[in-house]
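This briefing is meant to be read alongside the sequence and the coordinates.

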Amino acid sequence: MAEDRDDRDLSARFGREEPGAVAEVRGWVEGMVRGGWRLAAPDAAVQDNMLELTVTMRARRGPLPERYRSFVLTIARHT
């Protein structure tokens with residue numbers, strides 16, 4: 001599927017810390033954090049999620065996730 005290829009490309013670009021990819025992923029995380037969670041410090045939650053995602057991506061030894069958006073939102077839900 002084209003969407004899977006796009007996700008793998010985005011995950012690879014995020015792993016290389018390309019600004020456009022980082023901004024897109026941050027937008028997903030911000031949407032989740034600000035869209036449904038009532039947190040006292042939403043900016044801190046976004047930052048924590050981005051850090052956790054970066055650490056997780058750097059530690060990966062296997063293939064990149066095929067459904068990257070689902071992967072990102074799963075990390076965000078559990079961070």
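Glu-17 counts as partly exposed, its relative accessibility being 43%, and in this predicted model its side chain meets that of Arg-58 in a salt bridge with an N to O distance of 2.1 Å. Because Arg-58 lies in helix α3 and Glu-17 in the loop between α1 and α2, the pair ties together parts that are 41 residues apart in sequence. Arg-58 itself is exposed, with a relative accessible area of 58%.

**Other salt bridges**

- A search of the whole structure finds 6 salt bridges, one of which joins Glu-18 to Arg-16 with the closest N and O atoms 2.9 Å apart.
- Of these two partners, Arg-16 is exposed at a relative accessible area of 51%, while Glu-18 is partly exposed at 27%.
- Within helix α2, Arg-26 and Glu-30 are placed 4 residues apart, about one turn of the helix, and their side chains meet in a salt bridge of 3.3 Å, N to O.
- Both members of that pair count as partly exposed, Arg-26 with 29% relative accessibility and Glu-30 with 26%.
- Salt bridges that share partners also link Asp-9, Arg-13, Arg-16 and Glu-18 into one network.

**Helix α2**

- Buried positions in α2 are Ala-21, Val-25, Trp-28, Val-29, Met-32 and Val-33.

**Nonpolar core**

- The largest nonpolar core contains 19 residues, and those with the most contacts inside it are Phe-14, Val-25, Trp-28, Leu-53, Tyr-68 and Val-72.
- At least two residues of this core come from each of α1 (2–15), α2 (19–36), α3 (42–59) and α4 (68–78).
- Val-25, leaving aside its neighbours within four places in sequence, is in contact with Leu-10, Phe-14, Met-50, Leu-53, Tyr-68 and Val-72.
- As a general background to such an arrangement, nonpolar side chains tend to be buried together in soluble globular proteins.

Notes: Residues numbered from 1 in each chain as written. Predicted model: local features only at pLDDT ≥ 70, side-chain atom pairs only at ≥ 80, totals over all residues. Heavy atoms only, no water. Core = buried A, V, L, I, M, F, W, Y, C linked by side-chain atoms within 4.5 Å. Buried < 20%, exposed > 50% of the residue type's maximum accessible area, 1.4 Å probe, protein only. Contact = heavy atoms within 4.5 Å. Salt bridge = Lys/Arg side-chain N within 4 Å of Asp/Glu carboxyl O.
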